[in-house]
Amino acid sequence: MTQKQTVTIYTDGACSGNPGPGGWGAILIFGDHRKELKGGGAQTTNNRMELLAAIEALNALKQPCRVDLHTDSNYLRDGITKWIKKWKTNGWRTASRKPVKNAELWKSLEAACEGHDVRWHWVRGHTGHPENERADELAREGMAPYQ
């Protein structure tokens, strides 16, 4: 049995206006290899961009991997590690019976995780962590065409 390769990912989302123009950025690191991704949208939210950053990064992997995914978004980390099981059990409704916001993106994120062993890590944003700061720059670059 072959051991899965380990990939480290840093993601971030940004939005001007919330809702408004937004962007996402991701850095994938495997050994000496590094890949940067970015994108954005005209009318979106910061939370949607945080989700898209993780989805796009995971979808960029070409084979099943062990993934250490770092995010400064508690919404993203807690949603995928704590809340999603309950949402699914409740028919994609919150504990207060309201529809889950961004349900289609949560479903896409869950699908993007399939086949990978993903460990979710929270990092404090805007504190000088080089990869987190770079992911933030990429997110702002991804937003720029929509401003």
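Trainee: Which residues have the most contacts inside the largest nonpolar core?

Mentor: Good place to begin! In this predicted model, I9, L58, W106, L109 and W120 have the most contacts inside that core, which has 32 residues. Strand 1 (5-15), helix 1 (46-59) and helix 3 (103-113) are among the elements that each supply at least two residues. The largest share, 7 residues, comes from helix 1.

Trainee: What makes a set of residues a nonpolar core?

Mentor: Its members must be buried residues of kinds such as Ala, Leu or Trp, joined through side-chain atoms within 4.5 Å. A second, separate core of 5 residues includes Y10, I27, A135 and L138.

Trainee: What is W106 in contact with, beyond its neighbours within four places in sequence?

Mentor: Its partners include L51, Y75, I80, W87 and V100. W106 is also one of the buried residues of helix 3, along with A103, L105, L109, A112 and C113.

Trainee: What covers the buried residues of helix 3?

Mentor: The cover includes helix 1, helix 2 and strand 5. After helix 3 comes G115, whose phi is positive, near 90°.

Trainee: Now for another glycine. Why is G142 called buried?

Mentor: Set the value against the cut-off: buried means under 20% relative accessible area. G142 has 6%, so G142 counts as buried.

Trainee: Where is G142, and which residues does G142 touch?

Mentor: G142 is in helix 4 (residues 130-143). Not counting residues up to four places away in sequence, G142 touches G22, G23, K38, G39 and G40.

Key: Residues are numbered from 1 along each chain as its sequence is written. This is a predicted model: local features need pLDDT of at least 70, side-chain atom pairs count only at pLDDT 80 or more; totals for chains, interfaces and linings use all residues. Side-chain values use heavy atoms; hydrogens and water are left out. Helices (H or I, at least four residues) and strands (E, at least two) are DSSP runs, numbered from the N terminus. Buried means under 20% relative accessible area, exposed over 50%, partly exposed in between (1.4 Å probe, protein chains only). Contact means heavy atoms within 4.5 Å.
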